[in-house]
Amino acid sequence: MASTRRRVKLYTLNEDRQWDDRGTGHVSSSYVERLQGMSIMVRSEEDGSILLESKIQPHTAYQKQQETLIVWSEGENYDLALSFQEKAGCDEIWEKICQIQGKDPSVTITQDIPEDDDSEERFEEVLDSTGPIELPACELSKLDEIAELFNSVLPSPIRREKLALAIEQDNYIRKMLDLFHICEDLENLEGLHHLYDIFKSLFYMNKQSLLEIMLAEDLVFDVVGCLEYDPGKTSRQRHRLFLKESANFREIIPITNTDIINKIHQTYRVQYIFDAILPPPTVFDENSFSAMNSVILFNRVEIVTHLQEDEKFLADMFLQLTDEDTLEDRRKLLVNFLKELVGISGHLQLHQKDEFFKALSNHGLLPALEMLLISDCEEQRLASVEMFSQMVDTCPYLVRDFVMKEAQTQEEDMLINHMIDYMICDGDTGNAYQLSQLIRTLLDPENMALGANKMEKSEFLSFFYKHSMHVLTAPLFATTCDDKPSKDDYVNNVTLGHILELLTFCVEHHTYHIKNYVISKDLLRRVLVLMKSQHKFLVLNSLRFLRRIVGLKDEFYNRYIVKGQLFDPVISAFKENGQRYNLLNSAIVELFEFIRVEDMKSLCSHVCAKYTPFFKEVTYVSTFKGLLQRNDQEQDRKQQNNRILDNRGGFNHGIIHVNSRFRRDARALEEEEETWFDQEDENGEEAVVMEQSDLLNDEHVFKNRKGFANEKPPPSLINNKRPLIGLVDYPDDEEEEDLEDDNTSSSPAKRVRLSSS
């Protein structure tokens, strides 16, 4: 009761002498420290933000009008008005104002207004605009006058309030609908046109109380009938006939609550009036139908909330949906109903949507969606993808938890693998892109550990790389068996583009898992084969994958690139592109510019040693010249260091400083890594170069993924040795490394290796 008593609308007077609605909220009077006094405060009922914070000044003239309106002026040309929903709330605030100013609450103006003060004129204008509105007699001869009156009050929020109150008190809508029946019986077209304008104005008044009257079950069809006679159209629009005969309500699963059924009918009718009958709102009329939108929103929330709490309803729906004996036509109706129900849930708040999907998941939503995803019916597959997308956007942890539990019973046919298969086989459609985004959301570490399982990130990523990564990369391995793509058509390349986008995302966000996969499968080499494609978008996708890896500045990746000579495809594409100034040219130049600016010594040394003649030919940018200069400087520095070491006799080889005890020398670790990269496996081949048979079967058709599931991985490139780690991170570590770089304790053997690179 207190909330409605203190519910107010705040208005301010603009430069055109019109009152602007600043929002609806709840008013209170309290002491505000910042203003050093008792103040009137209005908080928004929508988000709780402060709409007004005004100190009650002892000499400001406050005026009470029509028992529910308080008006005052703050400064020049800044007038404020509070319109209360109830008289009791207005009286409460008015008494507080009078108490502070020492006035009797029976007065209507707290201060005398000076004769030369123009505020009196402003108050008179407010009185004129908010005074009582006399409604014309509800007669046929007065319809034009009524239409003119209703249209004239639309610009003024306060006059709209007063008119709405008068209409409610006089039961005016029912009287006008009686006139509508008379006009239809008499075929009085002029009167029907006036009634159209009147009821259109009633909707534009945007008053919840008036909408409740017009949308009542016994009046709504008469209101729609008034809106059939648009004077701007040559013929009558038969909206009532459509709503009564064409728009049939299908109760797929019986709903026992009659109130919910009535809400469903009302929501459909309001939506129809808004979409099909009333003129589409312009930019200036966007807020004119907020009351109608509120009716639709609150009805939908109430419908969804009731259905998700109806255990029998949900159980019957999912039982019929997943039953193999259900007829196909019946199943289509169930799918469309579920799709609409999930779509309506999008209007709920975040925590409400979470509860909604939890309730549906408890009754078998995910198994049902998985069944639809592998259905032969394209319409059902599309509906499944759309519902999955909405669920993953809200609560991805439910899907991840289902996938991991499902793998315990059926490892081959898992939901996430079905998603990947559908994305791969769908070709060049929006569905493939939507699925790729869905998979990307599931793999995003940022939204992991939001549910009950706090170990979700490590568990799900390990699960995915073990059970599903080979399914995702199977088309890539199948296409890159040789030195050039075996299948270079557009549709196949669009699919590969989606795969590369996901792999690039994994490189950025899955440092440990993707690093092991890239190196053990020699994935980067396979990706760079696609740079020979005739489709430039795929070439750029491949280059972007390399750029993300280089951008990590991970020495482990850098050694892998150098060892595999993986810049060869990039240089080949650069040469083939010539001096054409296009996106590919800019992307390759940016890649080498990044290596130069970030001073990535291993990569810089490698590319300069191998591609110096070509770099010297590229003179239209300074990138390659700068790269060669930086490499020369590094080589000169190494030679100078070696000469100093030779003069000293190399006596400090392998020595570790006392202040860095419990740690191994950083150079010793680097040397060990280098030695490990140079070593060969037991079969006499370099570890980074894999046999084709280790990666994929001989067949190039990749739509059957099962051939890739059983392949044996090549020898692992992961170094299993664990170096000793310092027990204490000494503050002078960086200084020590700087001193080491200045030749104070370097290994002669190490220097020989550097100088020979």
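Student: What is the mean pLDDT of the chain?

Tutor: The mean is 81, and 80% of the residues reach 70 or more; pLDDT is the predictor's confidence in each residue, from 0 to 100. This is a predicted model, in which local features need pLDDT of at least 70 and side-chain atom pairs count only at pLDDT 80 or more, while totals for chains, interfaces and linings use all residues. Residues are numbered from 1 along each chain as its sequence is written, and side-chain values use heavy atoms, with hydrogens and water left out.

Student: Where does pLDDT stay under 50?

Tutor: One such stretch is residues 115-130, for which the model has 32 contacts beyond four places in sequence; contact means heavy atoms within 4.5 Å. Residues 651-670 are also below 50, with 38 contacts in the model beyond near neighbours in sequence.

Student: Now the sheet. What is the strand order?

Tutor: The order is β4-β3-β2-β1-β7-β6-β5, seven strands in an open sheet with antiparallel pairing. Strands (E, at least two residues) and helices (H or I, at least four) are DSSP runs, numbered from the N terminus, and two strands pair if DSSP finds at least two bridges between them.

Student: Which strands are at the edges?

Tutor: β4 (50-55) and β5, each of which pairs on one side only. From one strand to the next the twist averages 30°.

Student: Which helix packs on the sheet?

Tutor: Helix α2 (residues 87-101) does, touching β2 (19-32), β3 (37-44), β5, β6 and β7 (79-84). The direction of α2 makes about 155° with that of β5. Axes are lines fitted to C-alpha atoms, for helices over the stretch in contact, and angles run from 0 to 180 degrees between N-to-C directions.

Student: Back to β5: which way do its side chains point?

Tutor: In β5 (residues 62-65), Y62 and K64 point one way, Q63 and Q65 the other, and all are buried. Buried means under 20% relative accessible area, exposed over 50%, and partly exposed in between (1.4 Å probe, protein chains only). β5 pairs with β6 (residues 69-73) in the antiparallel sense over four bridges, and K64 stands opposite I70.

Student: New topic, α4. Which of its residues are buried?

Tutor: In α4 (residues 143-152) they are L143, I146, A147, L149 and F150. These residues lie on the same side of α4, because they cover an arc of only 165° around the axis; the arc is that of the directions from the helix axis to the C-beta atoms. They pack against α5 (157-169), α6 (172-186) and α7 (189-204).

Student: And how many salt bridges?

Tutor: The count comes to 32, a salt bridge being a side-chain nitrogen of Lys or Arg within 4 Å of a carboxyl oxygen of Asp or Glu.

Student: Which one pairs K263?

Tutor: K263 meets E302 at 3.9 Å, N to O. K263 is in α11 (residues 258-277) and E302 in α12 (residues 290-309), 39 residues apart. K263 is partly exposed at 25%, and E302 is partly exposed at 35%.

Student: What does R381 pair with?

Tutor: E378, with the closest N and O atoms 2.1 Å apart. R381 counts as buried at 18%, whereas E378 is partly exposed at 31%.

Student: Which residues form a network?

Tutor: E184, E228, R236 and R240 are linked by salt bridges in a network.
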